[in-house]
Amino acid sequence: HALHSDPNCVFCKIVAGAIPALRVFEDADVLAFLDVGPLSEGHALAIPKEHFPTLEDMPADRFALVASRLPRIADAVRRAVGAQGCNLLLNVGREAGQEVPHLHWHIIPRVAGDKLGYRWNASTYPPGRGEEVRQAVKDALEA
């Protein structure tokens, strides 16, 4: 099938070869390359070659196709740099840190004692609020 692209998108330009990138994986549907601003050595981005600005724009079958490549890519990145683990991060929307409007997964290698940190500032729902949120999500799924 012909892949949809956006001529103004930096990642679409990378896919097309108009902008160079340190490519680590490529097949007909997925491209992975090293991030130009890595959080750790080996930090890579995995993208669909087809342009989808955000998660909601991507059909489930296309999402599954890209996601099916992530275990192999992440394992190779992790092993290549000697990391014990990695974070797979998908930022959806500018408010969540998505800087490039082309859906992409960050593969961030992690080692014990690294200084990346990750704050999980967990809280609790006030009485009754959890049930309200649960019902709102269920309603949104049915809409």
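Among lining residues, Ala, Val, Leu, Ile, Met, Phe, Trp, Tyr, Cys and Pro count as nonpolar, Asp, Glu, Lys and Arg as charged, and the others, Gly among them, as polar. The model is predicted: local features need pLDDT of at least 70, side-chain atom pairs count only at pLDDT 80 or more, and totals for chains, interfaces and linings use all residues. Residues are numbered from 1 along each chain as its sequence is written, and side-chain values use heavy atoms, with hydrogens and water left out.

The largest pocket has a volume of about 210 Å³. A pocket here is an open set of points on a 1 Å grid over the protein atoms alone, where a 1.4 Å probe fits, with protein on both sides within 12 Å along at least five of seven lines; lining residues have an atom within 4 Å of a point. The volume is the space filled by probe spheres set on the points, which are joined across faces, edges and corners. Its lining divides into eleven nonpolar, no polar and one charged residues, and includes Phe11, Phe33 and Asp35. Helix H1 (10–16) and S2 each give two or more residues, H1 giving the most, with three. Helices (H or I, at least four residues) and strands (E, at least two) are DSSP runs, numbered from the N terminus.

The second largest pocket has a volume of about 170 Å³. H3 supplies the largest share of its lining, five residues. By class, this lining has eight nonpolar, one polar and one charged residues; Gly42, Arg72 and Ile73 are among them.
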